[in-house]
Amino acid sequence: MTKTIELSGVQQRFHARGAAGGYLTAVEDASFTLSPEPPQVVSLVGQSGSGKSTIARNVLGLQKPTSGTVKYGGKDIFKLNRDEYDDYRRNVQPVFQDPYAIFNPFYRVDRVLWKAVKKFGLATSRAEGLALIERSLDAVKLDPDRVLGRYPHQLSGGQRQRVMLARIHMLRPAFVIADEPVSMLDAQVRRLFLDILLDFQREYGMTTLFITHDLSTVYYLGGSVMVINRGRIVERGPVDVVMHEPSHPYTRLLLDSIPQPDPDQRWTGRIEVDELSGTAEAGTPKATAPETPII
Amino acid sequence: MSDDDIVLEISGLEVGYSTNRGEVKAVSGLDLAVRRGEILGIAGESGSGKSTLAVALLRLLKPPGKVTAGSAIFRPRGRSPVDLLKVEGEELRVLRWSALSYLPQGSMSSLNPVMRIGDQFRDVILEHAPDRKNTLSELIPRLLAQVGLEPDVARMYPHELSGGMKQRVLMAICVALEPDLVIADEPTTALDVTIQRVILQSLVDLQRDFGVTLVVISHDMGVHAQLVDRVAVMYEGKLVEVGDVRQVYKQPQHEYTRQLIESIPRLGRRAS
């Protein structure tokens, strides 16, 4: 049975001192469906403060939307019964941004893996559990001897992020919700991480919601993309189409702001960002030459 | 070119880190001249020694790091030239912020979390230029405006600001006392593209309006292409190439430079 994740009309407000009306709207009218058939990567891209992480928290059930619904298998995730909730918890797995903050520094890293084994009853004996953990560490190109028994501070950021991938490999969820998982990794480790994620999609049929501010990562992953600005999804479609023929001015602004490695193609225009409200003034990239020459 | 046009002249710089397995050379035999008023980029991959170079020049290098040879003659306007690698104590303290300042990475930890932004400006300015005390109320809003921030920001705490705003506050503090040289270490890393563009814009403004000399360290060749006048490329602790940015991008003299330029993730390359 394949279940989908369906957001409809999700709005998220936060109380904020000084904001108009006393609240800040982080997400407005977000609707999309993540389907496991066929397995796919859906990227959600936008700048800091655009509401992308709030959407991740809504999908993961960590934050109840102010209005609108998040449904898993057709039922509101905040109204699931115990069995349904377990199924949802098992099949919708997160990878967070900060590989330093997700581990309890007092426990060995094994713990996050053993907890998963126990909670979801993946193994009947310790030996079986260990074999499972080792297999999963192999799958993410980590040497079990160099990881098991270590404390988080003894591993690099890339290794820690891959331990979280190993956990996902053990659980084989239908959905992975990855919130900026590579933004703290350097280029080489970043690529390894993305390749593993794509492997999982192909081999185990996982569908990933990939949240990032980095367009080159989106391009690398392929699949489809949604562009979010000021809490609204302003454009969506296949990566190739959105990147090559962006229809929304904000998408064009984002693409235009990637620094091109050519000193002869410097930006000539300026952009103004009103960061207090977490928004970029779209539509003012004076950098680009007019598309049609003015005669 | 006369000595006056060179604000910083590094020669034969060697920096090493002593480890259990002997000394690791992070910077070796580096010669580099920074011209007054230019933006000089320092490029290179992680571990190429670019940040070590910055901390050595700023005298923030901590053991086991050690400068083993070389000199860095700094010629601030209106002061006598000093060797940054030898200057000590009070003499060094006086140079900081007023002649030489540092713009750290766009990380979250560079501002004091329990002080209002305005107080952090006051701290730096009063410590290094007490005679400006009477102009503070006018100076701080002007500095904030310079980097595109509202005067209200002075009353805020760092946690009320976004990453890009914090980075701009740091830029404003950096130029508060009109230093001769600002060393920026990865000033836009960890910021998203639109904010990065705004920061780069402001850096150019600062150079134009204040005449500061900027040394910008970045691994991103796109940033260098957009921002700098000249670029120096480091590889394994050595300087492999220095030149006018257009020249370097068009005709890289060194194989490594060419690879670095080509390695930029562009829209158009993806997983197979």
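## Basis of the description

A residue is termed buried if 20 or more other C-beta atoms lie within 10 Å of its own, exposed if 12 or fewer, and partly exposed in between, with C-beta atoms placed from the backbone. By this criterion, 43% of the 272 residues of chain B count as buried, and of the 295 residues of chain A, 41% do.

The structure is a predicted model, in which local features need pLDDT of at least 70 and side-chain atom pairs count only at pLDDT 80 or more, while totals for chains, interfaces and linings use all residues. Residues are numbered from 1 along each chain as its sequence is written, and chains are lettered from A and ligands numbered from 1 in the order in which they are written.

## Confidence

The model scores ipTM 0.70 and pTM 0.74. Per-residue confidence is expressed as pLDDT, the predictor's own estimate on a scale from 0 to 100. Chain A has a mean pLDDT of 85, with 90% of its residues at 70 or more; chain B also has a mean of 85, with 94% of its residues at 70 or more.

In chain A, pLDDT stays under 50 over residues 275–295. The model has 36 contacts beyond four places in sequence for this stretch, two residues being in contact if their C-beta atoms, placed from the backbone, lie within 7 Å. Where pLDDT is low, the predicted coordinates should not be read in detail.

## Overall form of the chains

Helices (H or I, at least four residues) and strands (E, at least two) are DSSP runs, numbered from the N terminus. Chain A has 10 helices and 12 strands, and chain B has 9 helices and 10 strands.

The C-alpha trace of chain A spans about 75 × 45 × 40 Å along its principal axes. For chain B the corresponding spans are about 55 × 50 × 45 Å, and the radius of gyration of 19 Å agrees with the value near 19 Å for a compact globule of 272 residues.

Among contacts in chain A with a separation of 6 or more, 65% are between residues 24 or more positions apart. In chain B, 66% of the contacts between residues at least 6 apart in sequence join residues at least 24 apart.

## Sheets of chain A

Strand S1 (residues 5–15) of chain A runs antiparallel to S2(A), with 8 bridges between them, and A:Ile5 stands opposite A:Leu34 in S2(A).

## Strand S7 of chain B

Strand S7 (residues 181–185) of chain B is mostly covered, 5 of its 5 residues being buried. B:Leu181, B:Ile183 and B:Asp185 point one way from S7(B), whereas B:Val182 and B:Ala184 point the other way. In a regular strand the side chains alternate between the two faces of the sheet.

S7(B) has parallel partners in strand S6 (residues 100–103) of chain B, over 4 bridges, and in strand S8 (residues 213–217) of chain B, over 5 bridges. B:Tyr102 stands opposite B:Ile183 in S7(B), and B:Val182 stands opposite B:Leu214 in S8(B).

## Interface between the chains

In the interface, 32 residues of chain A are in contact with 27 residues of chain B. Helix H7 (187–204), helix H8 (215–221) and helix H10 (249–256) of chain A each supply at least two residues of the side of chain A that touches chain B. H8(A) gives the most to this side, with 4 residues.

The residues of the side of chain A that touches chain B divide into 16 nonpolar, 9 polar and 7 charged. Here Ala, Val, Leu, Ile, Met, Phe, Trp, Tyr, Cys and Pro count as nonpolar, Asp, Glu, Lys and Arg as charged, and the others, Gly among them, as polar.

How values were computed:
The radius of gyration is taken over C-alpha atoms; the globule rule is 2.2 Å times the number of residues to the power 0.38. Two strands pair if DSSP finds at least two bridges between them.
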